[in-house]
Amino acid sequence: MTTNDWPDSPLDAVDTAFAALTDGPRPLSLDLTPFGGADGLPTGVTDLPTLHRWLLAHPRAYTARDLVWRELIRRARTNRPEWVIAATALAMPALRHHAGRLRAGWPGDARDVDAEILTGFLTALRDRVDIDRPAPYAALAAAGWRAGFEARRRDGAEATPVDDLEHAVGPRTPRRPYGHSDLLIRRAVQL
């Protein structure tokens with residue numbers, strides 16, 4: 001791959017690097033035998049694309065997810081860049097989801113939001129997420145969201161995109177983040 005072929009988006013660059021690590025005769029793999037098949041997790045040496053597909057197909061296999069993510073975080077913290085890329089690539093569905101939500105209405109370059117999300121995720125991966133607590137994956141993804149949200153706020157796009165409230169019938173509990181206080185006040189006045 002030449003420099004001209006490298007993606008402009010930081011999130012796309014992670015996908016490209018992950019594809020390079022997992023393609024070929026010796027793809028990056030993880031031995032899942034120590035996890036004992038928790039929640040139906042495959043056992044034995046499993047290449048990371050297969051593991052990624054399994055994690056996506058089993059979103060409620062919390063015990064297995066936590067075991068896999070703790071191992072990925074441990075490996076990423078040993079200063080082995082291939083595992084940093086692997087952990088980031090396996091978190092890509094959540095990171096892309098956050099990026100899509102935070103880009104909505106964003107007047108600036110979408111790659112800036114992507115870079116902030118990636119930076120927040122990598123900072124948490126390196127030293128901020130406590131792997132002894134449940135759901136380390138969720139904590140990593142949330143760190144990416146917070147970094148992207150902070151970039152929006154810092155650059156003047158304080159309002160957080162929310163679903164259209166015009167079609168809501170009856171009371172409903174808002175999803176986090178609830179929105180900027182000015183938007184809530186304006187909506188209350190309208191009602």
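**A tour by question**

Modeller: The largest nonpolar core has 44 residues, and those with the most contacts inside it are L41, L48, L51, V68, W69 and L140. Such a core is a set of buried Ala, Val, Leu, Ile, Met, Phe, Trp, Tyr and Cys residues joined through side-chain atoms within 4.5 Å. Buried means under 20% relative accessible area, exposed over 50%, and partly exposed in between (1.4 Å probe, protein chains only). This is a predicted model, where local features need pLDDT of at least 70, side-chain atom pairs count only at pLDDT 80 or more, and totals for chains, interfaces and linings use all residues. Residues are numbered from 1 along each chain as its sequence is written, and side-chain values use heavy atoms, with hydrogens and water left out.

Colleague: Which elements give two or more residues to this core?
Modeller: Helices (H or I, at least four residues) and strands (E, at least two) are DSSP runs, numbered from the N terminus. The elements that give two or more residues to the core are α1 (10-22), α2 (48-57), α3 (62-76), α4 (81-90), α5 (92-103), α6 (110-128) and α7 (136-154).

Colleague: Which residues does L140 touch, leaving out those up to four places away in sequence?
Modeller: Contact here means heavy atoms within 4.5 Å. With residues up to four places away in sequence not counted, L140 touches W69, I73, F121, A124, L125 and V129.

Colleague: What do the buried residues of α1 pack against?
Modeller: The buried residues in question are P10, L11, A13, V14, T16, A17, F18 and T22. They pack against α2, α4, α5 and α6.

Colleague: Which residue caps the N-terminal end of α1?
Modeller: Look for a side-chain oxygen lying 3.3 Å from the backbone nitrogen of L11. That oxygen belongs to the capping residue, S9.

Colleague: How is the aromatic pair of W69 and Y137 arranged?
Modeller: Rings of Phe, Tyr and Trp (its six-membered ring) pair if their centres lie within 6.5 Å; planes under 30 degrees apart count as stacked, over 60 as edge-to-face and the rest as tilted. By this rule the count comes to 2 aromatic pairs. For W69 and Y137, the figures are 4.9 Å centre to centre and 35° between the planes, so the pair is tilted.

Colleague: Why does that pair tie together parts that are apart in sequence?
Modeller: W69 lies in helix α3 and Y137 in helix α7, so the pair ties together parts of the chain. W69 is buried at 1% relative accessible area, and Y137 also counts as buried at 18%. The separation of the tied parts in sequence is 68 residues.

Colleague: And how do the rings of W145 and F149 pair?
Modeller: These two are 4 residues apart in helix α7, separated by about one helical turn. W145 is buried at 15% relative accessible area, whereas F149 is partly exposed at 24%. Their ring centres are 6.3 Å apart and their planes at 15°, so the pair is stacked.

Colleague: Which ring does the charged end of R75 sit over?
Modeller: The rule asks for NZ of Lys or CZ of Arg within 6 Å of the ring centre and within 35 degrees of the ring normal. The charged end of R75 sits 4.7 Å from the centre of the ring of W83.

Colleague: Is T46 buried or exposed?
Modeller: T46 lies in strand β2 (residues 45-47). It touches S29, L30, L32 and L51, not counting residues up to four places away in sequence. At 8% relative accessibility, T46 counts as buried.

Colleague: How far apart in space are A61 and D39?
Modeller: A61 is found in the loop between α2 and α3, while D39 lies in the loop between β1 (29-31) and β2. A61 is buried, with a relative accessible area of 6%, and D39 is partly exposed at 42%. They are 22 residues apart in sequence, yet C-alpha to C-alpha the distance is 5.5 Å.

How values were computed:
A polar contact is a pair of N or O atoms within 3.5 Å; within protein, one must be able to donate a hydrogen and the other to accept it, and residues adjacent in sequence count only if both atoms are side-chain atoms.
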